[in-house]
Amino acid sequence: MSYAIRDIAVIGDELARKGKKIYYLNIGDPVNPEVSDFKTPDYIIEALAKAAKKGYNMYGNSLGVQELREKIAIEENHRNGLSLVPDDILLTSGVSEAIFFVAAALIEEGDEVLVPGPVYPPYISYANFFGGKPVEYKLDETKDWQPDIDDFASKITKKTQFILLCSPNNPTGVLYNEQFIKEIGKLAADYNIPLVSDEIYDQILFEKYNSYKCHVSILKNDLPIIGMNGFSKAHLSTGWRLGYMYFHDPQGKMKQVKQSIEALARIRLCVNVPAQYAAIKTMEQPKEHTKIMVEKLWKRRDYCIKRLQEFDGISCVVPDGAFYLFPKLKFLDQKRGPWKDDKEFVLDLLKETGIMMVYGSGFGQYGVNHFRMTFLPPIEVLEEVFNLFGAFLKKRLS
Ligand SMILES: Cc1ncc(COP(=O)(O)O)c(C=O)c1O
């Protein structure tokens, strides 16, 4: 099992140990000081310390701290027009654990799951781990990475256990459009397949900030949906490992799945307890930190897009949200340059310049001949990166 995002870091770390300056554009961690200048807000850190001092250091309820479950239900209902109750919320160790739980509860040997391609690699790894077959539905770069509905429909089979949506998407940064969501909702209802919606970037949006509602509220039907979200990105606390899942299931079709997932949650005891108390505090505040982060990221995105336009062998769809760019290396298609594929390109770039990105093929067949970079660093750093990048391309392509 491989995970390109972290596998590339092994090589970068080795180079760093030998003294090379590394630009960490490979990993979506806004509070890693090697990556970015964002920080976990002080008041959240203080809330965590206060919870620990108050004595919340013992194991907690396996489903999560009740007050936090209540707050999450209210927020999801407000944001997405749902009618969740606290019992529909389960706290997890990040969205990562939620993906694991979903795969464990829904996949049996030989089952299929539909995931977007280019694909966030853990969707594939967990499906494989449980003996399932992940099938990628195509996000079409020529249509701004919108899902291709015909391709999607052709990949639904009797074995399809769930359909995974990730919007804003990693690695493309794109929001699925309303038409697709409606069509996918109709197909899912026709075939009685639950949707699993990874919404971890739903608070990190640019032009559509303030106007975006996630899939569920657009669908407005009784389709069972497992939503996944968390505190890592929007609340700048990746290392605290705090996420949650919600079960939107008006007709009780997923009762058994929910029970299996709750049983799994009991086996792993509980989620970080002081962090849950800090999260309660976060949810009581107006979330200024997210707003400030989005404003900065927006400028950084625009800067990167402008700089990428300098290179005629590269094209890039402008992301609506998250903090990733997924440019296409057109010169690889044209067989220009010394590299046989995107992985060789990314490794050569890393060794020569210290710029660490992730090769597109690490995101599956639809990621071939691309790379993924974050735009988390400040503009001064991005400027250095693009200057080095430009010089590298000039040298190699001339
Ligand atoms: C699409 C997506 N889902 C889930 C995760 C994992 O998030 P967490 O830190 O909540 O486990 C990430 C992290 O990069 C992600 O990009």
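How many bridges join strand β3 to strand β6? Three do, and the two strands run parallel. The close-ups below come from a predicted model, in which local features need pLDDT of at least 70, side-chain atom pairs count only at pLDDT 80 or more, and totals for chains, interfaces and linings use all residues. Residues are numbered from 1 along each chain as its sequence is written, and side-chain values use heavy atoms, with hydrogens and water left out.

**View 1. Strand β3 and its parallel partners β4 and β6.** Helices (H or I, at least four residues) and strands (E, at least two) are DSSP runs, numbered from the N terminus. Two strands pair if DSSP finds at least two bridges between them. β3 covers residues 112-117. Six bridges link β3 to β4 (residues 133-140). P116 has Y137 of β4 as its bridge partner. In β6 (residues 160-166), T160 is the bridge partner of E112.

**View 2. The residues of β3 and their burial.** Six of the six residues in β3 are buried (under 20% relative accessible area; exposed is over 50%, partly exposed in between; 1.4 Å probe, protein chains only). E112, L114 and P116 point one way. V113, V115 and G117 point the other way.

**View 3. A right-handed β-α-β unit.** The unit consists of β3, helix α5 (residues 121-129) and β4. Right-handed means that, with the strands pointing away from the viewer, the path from the first strand over the helix to the second runs clockwise.

**View 4. An open antiparallel sheet of three strands.** The order is β11-β15-β14. β11 (324-325) and β14 (358-359) stand at the edges with a single partner strand each, so one side of each has no neighbour in the sheet. Two bridges pair β14 with β15 (residues 371-374). Y359 has F371 of β15 as its bridge partner.

**View 5. Polar side chains at the ligand.** An N or O atom in the D198 side chain is 2.6 Å from a ligand nitrogen atom. Polar side-chain atoms of S232 and K233 lie 2.7 Å and 2.6 Å, respectively, from an oxygen atom of the ligand. Taken alone, the ligand exposes 400 Å², and the protein buries 93% of that (Shrake-Rupley method, 1.4 Å probe).

Conventions:
Polar contact = N/O pair within 3.5 Å; in protein donor to acceptor, adjacent residues only side chain to side chain.
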